[in-house]
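This note is written for a colleague who is meeting the structure for the first time. Please keep the model open while reading the points.

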Amino acid sequence: MNTFQAERKPLLVPIDKETKYEGENRLTKVELPLQKFLNITVDKCLPVVSFHQGMFPGLTPKVVDELPPPPKIDKYKLARFLTEKAVREKKIFSISGPYPVIRNSLRKRGWVERKYLLKNDSHEHKEDGNETECDNGGKSESKPALREEEIPYNTSGDIHDIMSRLVRNEETFFYWTIKRDAVDYYSLHSDQMLNHYARTGSFTTKIGVCLHMRNLPWYVSANPNAFFPRCYAICIDDEKYDFIQDFRKTAAFSILKWVVDLDMSDDHDPSSTESLDKKAGTTDSNESNIKELPGELIEMALKVSETYLQQLEHADIDFDAEKSSVLSDTEWDKLIEQYYSLIHEGAVICNAGSYFIQCQKILHKIMLANPQHDIDGLHNIWIIKPGAKSRGREIVCKKRLQDILKLVEPTDQFPIKDHKWVVQKYIESPLLIYDTKFDIRQWFLVTDWNPLTVWFYKESYLRFSTQRFSLNDLHSSIHLCNNSIQKNYKNATDRSSQLPYHNMWSSSKFQEYLKKKGLGHVWNNIIYPSMKKNIIYTMKVVQDQVEPRRSSFELYGADFILGDDFKPWLIEINSSPTMFPSTPVTSDLCTQVQEDTIKVVIDRRHDKTCDIGKYELLWRQPMLEIPPFNPTDLLVEGISVRRLKKHMSAFNFNFLEPLMAMPQSTTNQENKRESMTPVNDKQNPRVKNRNSVSCSLPKTLKKSQDKDVKVKTVPKRLAKPIDFPRIVDGPEASSFTDKKKNTGMKESSHQHGNQGATCSQKMPSLDWALLQPSTETALT
């Protein structure tokens, strides 16, 4: 127990020993309730602050640096003190949704909550897609929005409620919401943080990732079919046609697989019911009911397969479009019906063994060319999903083409604009644990899109189905591993007891399972690095689609399914993944990932070397350079504007030509339209048929034939207007021209052609650049 010494100011009179230690005794008696108050404060996530400054100036610590607060401190004063500190440091946050971990993590760091409620918010937070949709046709009645929570000031005694009341008029600097639309995204300034980005539907919706994943070869040297099951937006006509062709080709490949698998089982007797039940999946043991199919079915399947390989090698580039079709529609329908009989109804092909070698060779070529050959299987099962919904809503599995097309047809109740369906190839050969299917939920965090910065979480968890795996039954409880679906079913009685009752494993538990099977290297060498690579590829594809807002971040949940070769296949990416502690596994992992997320987005802003939990930097792209400005991209359009000639006439006179005494025609009357307003009646200049207007010299500048031209220097006075001569037509102009001829100016100008030009260069008093004829320019 710490002891404190009370220092007092010196007194004029001495005091006894009992009075001297009176202050220490009083402090020792209240030490126990003070410790209790501190424990309560720490339990409620309040930051530890010093209270002795300003409150007890006469006390100074002797052993410790700070004194504990007094036992009867006013909580309203404490709330105001902490609130003012948070306002100065811009530590005001708002949360919509049940995120107690985020709330407590921020409070420990001195943040104060400005409380809001999300309209139509459910108490149980489930994983939602990027688009706000509900179950009644895909449209929500109202968009989610934040509204202020009414908290009476005197009804709640919790100190955090008091602090929230004090900051109700302050600005929020940190938003954590379920939906991006809960706040006005585009009104936020650079200091306000939000846990969402805009325009993320390109990869957080099923139809978005379906359409954008095909552009992967334009960004990286990778094939999207190597990690993303092929998918079609069947609501689009072109996509629907491509899906039908894919379904038909897959059926043809399945026929060849049936032949190879039947021969490799060392049972060539087509009448064996045991073999037929094993290969075709039937339970009928009556041989008389077995349907026999002709060998022509295998030949048609071989023809389709060979054409497919030619298309991959572009060998059909010179064929006509009409002749490129392998089979007619009638032949296709016949092949599909016989395929159903062979695979789903237990029919057989009598002479299938004779086609074994040919089928084996062509299947080997297809396997090398098609990376999804192994996941196709024999049953041609496809999974149909709504394009922008989550939690497994309305997801079904189908294996007949007619059923799939009928399901996605628009109706009066569901028009085509609401039917954003996607069809994705179902993985028919998944990795099973105790004969049960599972998938993996993997978290990753994006803190910037330019440069692209992705953080990968080292922990994940597995979700099991409640029923044993089977391709003969397409029920959702067998094939969909979402917890929101599986929680509605009870675990099957014939399921292995080694599986957990809550149907979840952590990734650490899964690694222990692999080690027991002698496959401990699989996680670190195949599964974990492949999931990383798939996330990087996906983020690079959609980087141009997302709005790269500063101070935003977002946590995503990616779902993977492992093939029987331990290869992970990316199924979808969810925005706002669920953090509800539904099981002991999610209770621990979801709490941990939220706390670590706050470390990355809050603590690391001020300390780059801080602890970031179990996050690791997956990818940080170099800063993208802004393209240089190209001035040729600017284009100005307009029409030319001509000035009035009476205003431009002062600049159209050419005094050089009169000095050179060039001959002027007395009969040229073509330029009468360019006459000017008379200025001086004693001068009669003539207009020449050129762009400039010339006039003869005034009388004061005349010279005789035998004398050199001398020009008197005239000082330039810009303040006075220049008295330009007028242009006169008629008899006066003719008489003036005759007089000029009599003076011999014409002969002098011919004999001394360059003299006028030389003289003009020696006249510094005239602004010749101003007097030169100006060319009309168009103003644009």
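The points below cover the basis of the model, a group of strands, a helix and a pocket.

1. Basis. The model is predicted; local features need pLDDT of at least 70, side-chain atom pairs count only at pLDDT 80 or more, and totals for chains, interfaces and linings use all residues. Residues are numbered from 1 along each chain as its sequence is written, and side-chain values use heavy atoms, with hydrogens and water left out.

2. Strand β13. Helices (H or I, at least four residues) and strands (E, at least two) are DSSP runs, numbered from the N terminus.

3. Partners of β13. Two strands pair if DSSP finds at least two bridges between them. Strand β14 (residues 452-464) runs antiparallel to β13, with 10 bridges between the two.

4. Strands β16 and β17. β16 (residues 554-562) is in turn antiparallel to β17, with 7 bridges. L562 lies opposite P568 of β17. The hairpin formed by these strands has 5 residues between them, and F566 in the turn has a positive phi of about 70 degrees. In β17 (residues 568-575), 8 of 8 residues are buried.

5. Helix α20. This helix covers residues 584-606 and reaches 34 Å from its first C-alpha to its last, close to the 33 Å expected (1.5 Å times one less than its number of residues). A kink of about 30 degrees is centred on K599; the bend at a residue is the angle between axes fitted to the seven residues ending there and the seven starting there. Buried residues of α20 include V585, L589, V593 and D596.

6. Second largest pocket. A pocket is an open set of points on a 1 Å grid, where a 1.4 Å probe fits, with protein on both sides within 12 Å along at least five of seven lines; lining residues have an atom within 4 Å of a point. The volume of the second largest pocket is about 950 Å³. Its lining has 35 residues, and Y232, D242, D246, K249 and Y308 are the closest to its centre. α9 contributes the most to this lining, with 8 residues.

Technical notes: Grid points are joined across faces, edges and corners, and a volume is the space filled by probe spheres set on the points. Buried means under 20% relative accessible area, exposed over 50%, partly exposed in between (1.4 Å probe, protein chains only).
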